[in-house]
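Trainee: I would like to go through the helix contacts in this model. Please hold each label against its cut-off.

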Amino acid sequence: MTDLPLLAGLALVVAAATATVLVRDPGRQAFPLALLGLALGVLFLLLQAPDVALSQLAVGCALTPLMVLLTVRKARRRARPRGRADAAPARLRHEEEDRE
Amino acid sequence: MNGWLAAATALLVCGVGPAAYGVVTGPVHRRIAAQNLTTTLVSLVLLLLAQGYARPAYVDTALLLAVLGPAGTLVYVRLLAPDVAERPPRPRRLRALTLTNYVAVAAVTLPLCAAAGPGRSLAKLLVIAVLLGLGSHVTARAMTAGPGGPADDETSPDGPAPDGPVTGGRVTGGASTDGPVTGAPADDGRTPGGPVTDGPVDDRRAPGDPVTDGPTYDGQPPGAPLTNGPAAGGPGAGR
Amino acid sequence: MTVLPYLVAAWLFLIGCYGLATSRDLIHAVGCLAVCQSSTYVLLLAVGYRDGGTAPVFSDIAPGSRPVVDPVVQAMVLTDVVIGATVTALLLALVVQIAKRHGTVDPDELSELRG
C-alpha cells in the first residue's frame, strides 16, 4: 500500500471530507460534497473496485448535489427567514404613526 | 509504478488539487467553473489509471463520469442561477478555463490513443474525449447565457411576495423591493426614515415604478367617475 | 504504511461526527452524515485490498491469471453506497417537512418539544 497514487487519492479524500464539514452554509456545501464523491470514486478505482467506483460516481456527482440544492431551495422557501423577526416591530411602529 | 501511473498521480496532485481549492472557496461562478474542470481532470485521471493498471475495464468509469459530470455541473448552473447572476463570471477567464479543459483532454487522450491499438478501445477513448469536450463547452455556454433572471417564483432574489408593511397599497415593482424593508412609504405618505418626498401622490410611486394605470391615491382608476372625494365630501359633511 | 487507509477511515468518521455535533443547520448535518458513511466505504475496501491485486472483474482478463482483491467486501460497499444515497434522500425530505412545520432548520431552535 505504499504506492503513490493511493496516497494521493487518500489525501484528496481527506481534504474533500474536511472541506465538506467546515463549509457551514448548506447551499455552498453541495460543492465540496460533489468533490467528495469524485475523490471517493478515484479512491475506489485505486483500491481496485471499478464497479463500486461506478456507483459512487453516479450517486456522488449528479444525485447528491441535486438533492441538497433542491432541499435548500425548498427549506428556504418554507422556513421563516430570520430577518422577518424585524418586520413585526416595524409594522407596529407603522400603525402607531397611522393612528396619530 | 509505470509512466501512466506517474502521470495519473501528477495530474491528481497538480491538477485536481488546485481545481478542488477553487471549488471550495470563492464566488459561485468560480466554483461552478472549477467543478467543471475537476470532473474533466478526474475523468482523465481515471483513463490514465486504466492504462497504468493494464485493465481496459476501468475505462467504463471514465465514460460514466464523462456523461454524468457535465450533467451535475448543469444542475448547479440551473439551481444557482440567481447567485451566478449577482456576480457573473468574466468572459475571458471563463474562456481561458474552457480552453484549459480542451487542452488537457487532448494532451491526455492522444498518447492514450497511440498506446491503444485500433479497435473498440480506441473508439471508446474518442467517444470519451468528445463527451468531455462537449460537456465543457455546454457548461461554459450555460454559465454565460444562463442568468436571464428568475424562471420560477421561488428563485426571485427576495423570495416569495414579501408580507409586511411593504405592500400597503403601493404598486410594487419587482426591482424596487429589497431586503430589509424599512424605507417603505406609508399609507399617508410618511416614510419612517426613507427618502421623504412629501405630497401623497408622489409617494405612491417610488422612483423605479412605472406610472401605470394602477389604483391612484384615492383608490379610483383614473378613468372612473369620482364617487368619493368631492362627492363624498358633500353628503358626508352634510350628514 | 499499510495502516494508512484505516487512519483515513477513522479521520473521516471523526470529522463527520464533529460536523454533526456542531452543526447549525440540518441540511449541513445531513452532509456530515454522508461523510461518516464514506468512512465505512473506505474501511471495507481497505479490508479487502491485497497488494498487487487487481479488480475481480474478468471481462478483460482470464480468471486466475492475476491475483485479485476480495470481491465480497466490494459487494458490501456497493450496497452501502446505494443505501447511503437513499438515506440521504429520506433525511432531506424530513428536513423539508421540519422546515414546513417548525419554520426553522436550526437544530438548536428545535430543542423544545412543541405541543
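Mentor: Start with contact: two residues are in contact if their C-beta atoms, placed from the backbone, lie within 7 Å. On that rule, 37 residues from chain A and 46 residues from chain C take part in the contact. The model is predicted: local features need pLDDT of at least 70, side-chain atom pairs count only at pLDDT 80 or more, and totals for chains, interfaces and linings use all residues. Residues are numbered from 1 along each chain as its sequence is written, while chains are lettered from A and ligands numbered from 1 in the order in which they are written.

Trainee: Which elements give two or more residues to the side of chain A that touches chain C?

Mentor: Helix H1 (4-22), helix H2 (26-46) and H3 of chain A. Helices (H or I, at least four residues) and strands (E, at least two) are DSSP runs, numbered from the N terminus. H3(A) gives the largest share, 15 residues.

Trainee: How do the residues of that side divide by class?

Mentor: Into 23 nonpolar, nine polar and five charged. Ala, Val, Leu, Ile, Met, Phe, Trp, Tyr, Cys and Pro count as nonpolar; Asp, Glu, Lys and Arg as charged; the others, Gly among them, as polar.

Trainee: Why are H3(A) and H2(C) called roughly antiparallel?

Mentor: Take the angle. The axes of helix H3 (residues 50-78) of chain A and helix H2 (residues 26-48) of chain C cross at roughly 165° and come within 10 Å. Angles under 35 degrees count as roughly parallel, over 145 as roughly antiparallel, 65 to 115 as roughly perpendicular and the rest as oblique. So H3(A) is roughly antiparallel to H2(C). Axes are lines fitted to C-alpha atoms, for helices over the stretch in contact, and angles run from 0 to 180 degrees between N-to-C directions.

Trainee: Which residues meet there?

Mentor: A:Thr64, A:Val68, A:Thr71, A:Val72 and A:Ala75 meet C:Ile27, C:Gly31 and C:Ala34.

Trainee: What makes H2(A) and H1(B) roughly antiparallel?

Mentor: The axes of H2(A) and helix H1 (residues 3-24) of chain B cross at roughly 155° and come within 8 Å. H2(A) and H1(B) are therefore roughly antiparallel to each other. A:Phe31, A:Pro32 and A:Leu35 make the contact with B:Ala20, B:Val23 and B:Val24. The classes are six nonpolar, no polar and no charged.

Trainee: How many helices and strands does chain A have?

Mentor: Four helices and zero strands.
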